[in-house]
Amino acid sequence: GVELFSTLGDAHNLYDFYRRRSGVVKRDNKDLARNMKATAKLYRGLGGSPLFQPVTTAESMEVPIQWSTPKGGHLLLKLVIKGKSYRTILDTGNATGWMVHSRELHDLLKLKRGGRTVAMIGTEAQGLDGYFIFTKVVDFGSFMIQRLLGLYVPKPYPDFYDANLNPVFIRGRVVTIDTKRMRLILRTREAFQRDHQKMEKSSTVTLPWFGYKQVFLPTLVSGTFPGMGMIETGAEDIALKLDVAREAGLPLIPQQKYLANGQVYHYFVTSLRVDLGRFRFERARAEVWPFERFYNRLSGVKADVIFGPSAFGRRFAISFDPFAERIILQYFKD
């Protein structure tokens with residue numbers, strides 16, 4: 001129920017669901033009942049208003065973005081409040097849509113608190129304690145987003161990002177992440193159609209958008225193995241699912257690295273060639289791991305290949321068109 005109603009942005013039914021469930025579980029688990037009741041109050045205050053609504057003054061609005069490191073890494077959006085900048089990562093893999101990690105930002109945004117929960121973030125091996133939140137508005141300068149429901153999860157370490165936004169959750173706009181001109185663009189359906197008609201056909205690929213909340217699209221592994229790719233800007237580069245690597249007969253070289261909590265994580269690397277339409281991506285040492293968390297609960301769509309922002313480098317603009325349920329990749333030669 002939560003998955004269905006949150007996907008639809010149906011605040012009224014989410015309130016009713018949490019309210020009813022709190023009554024069902026209160027006899028056996030009073031703590032859980034209190035948490036569900038507290039979360040229900042967040043939705044009750046919305047009065048059925050739609051979530052993640054953009055506020056813009058023109059058909060096309062944009063804000064600058066930047067890489068987290070000089071060599072690439074993640075894509076960051078500045079959130080400036082009272083003269084101080086807070087680092088917001090653009091994360092198309094975030095199934096919650098909106099997370100706040102900075103306590104200072106939490107207080108500045110005057111977040112309303114719901115029930116407690118456990119969330120998985122970043123490279124943390126274990127779930128982290130947090131709670132549901134409601135944010136009335138977030139002002140990014142050229143545009144604002146109203147009525148964000150999400151989670152507050154404290155930073156697992158001091159230099160972690162201050163917030164996490166999945167731009168796919170933004171309603172009623174075609175959202176574009178442009179790593180050539182380093183900007184995030186919000187366009188109405190009509191404005192995007194006009195701009196799309198001006199794009200050179202040889203430099204663009206249009207692919208169907210599968211799933212919801214996240215970005216799944218068809219890909220081809222090693223030229224012959226059809227699979228499902230996922231654009232995950234919260235990741236880094238290209239990675240392959242372990243089951244797919246074995247089925248495709250790719251050589252697997254064991255590796256290990258340390259997670260944020262010091263725990264050793266074992267994985268593999270392999271040489272890899274994958275295609276998104278006419279665009280081909282090759283890696284001599286792509287990471288290979290299980291991908292246990294990347295799937296849609298309602299549709300059953302699962303990721304076979306992860307495409308992080310470094311896969312696209314500084315050469316692509318990726319547009320997420322919810323109106324036509326399609327993804328448009330635009331490549332810039334210069």
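Visitor: What is the relative accessible area of Arg171?
Guide: The relative accessible area of Arg171 is 29%, which makes this residue partly exposed (buried is under 20%, exposed over 50%, partly exposed in between, with a 1.4 Å probe and protein chains only). The model is predicted: local features need pLDDT of at least 70 and side-chain atom pairs pLDDT 80 or more, while totals for chains, interfaces and linings use all residues. Residues are numbered from 1 along each chain as its sequence is written, and side-chain values use heavy atoms, without hydrogens and water.

Visitor: Where is Arg171 found?
Guide: Arg171 is in the loop between β9 (163–165) and β10 (174–178). Strands here are DSSP runs of E with at least two residues, and helices are runs of H or I with at least four, numbered from the N terminus.

Visitor: And which residues does Arg171 touch?
Guide: Leaving aside residues up to four places away in sequence, Arg171 touches Ser6, Thr7, Leu8, Gly9, Leu51, Phe52, Gln53 and Pro54; contact means heavy atoms within 4.5 Å. The C-alpha atoms of Arg171 and Pro322 are separated by 8.5 Å, although these residues are 151 residues apart along the chain.

Visitor: Changing topic, at what angle do α2 and α3 pack?
Guide: Helix α2 (residues 11–25) and helix α3 (residues 30–44) pack at an angle of about 160°, and their axes are 8 Å apart. The axes are lines fitted to C-alpha atoms over the stretch in contact, with angles from 0 to 180 degrees between N-to-C directions. The two helices, α2 and α3, are therefore roughly antiparallel to each other (over 145 degrees; under 35 is roughly parallel, 65 to 115 roughly perpendicular and the rest oblique).

Visitor: Which residues make that contact between α2 and α3?
Guide: From α2 they are Ala11, Leu14, Tyr15, Tyr18, Arg19, Arg21, Ser22 and Val25, and from α3 they are Leu32, Ala33, Met36, Lys37, Thr39, Ala40, Tyr43 and Arg44.

Visitor: How many salt bridges are there?
Guide: The count comes to 16 salt bridges, where a salt bridge is a side-chain nitrogen of Lys or Arg within 4 Å of a carboxyl oxygen of Asp or Glu. In one of them, Lys213 pairs with Glu3, with the closest N and O atoms 3.8 Å apart. This pair links distant parts of the chain, 210 residues apart: Lys213 is in the loop between β12 (204–208) and β13 (216–221), and Glu3 is in helix α1 (residues 2–8). Lys213 is buried, with a relative accessible area of 14%.

Visitor: Which residues are linked in a network of salt bridges?
Guide: Glu62, Asp178, Arg181 and Arg183 form such a network. Arg181 and Asp178 meet at 2.7 Å, N to O. Arg181 is partly exposed at 44%, whereas Asp178 is buried at 0%.

Visitor: What about Asp237, which residue is its salt-bridge partner?
Guide: The partner is Arg283, with the closest N and O atoms 2.9 Å apart. Asp237 lies in the loop between β14 (225–231) and β15 (238–241) and Arg283 in strand β18 (residues 279–289), so the pair ties together parts 46 residues apart in sequence. Asp237 is partly exposed at 30%, and Arg283 is partly exposed at 23%.
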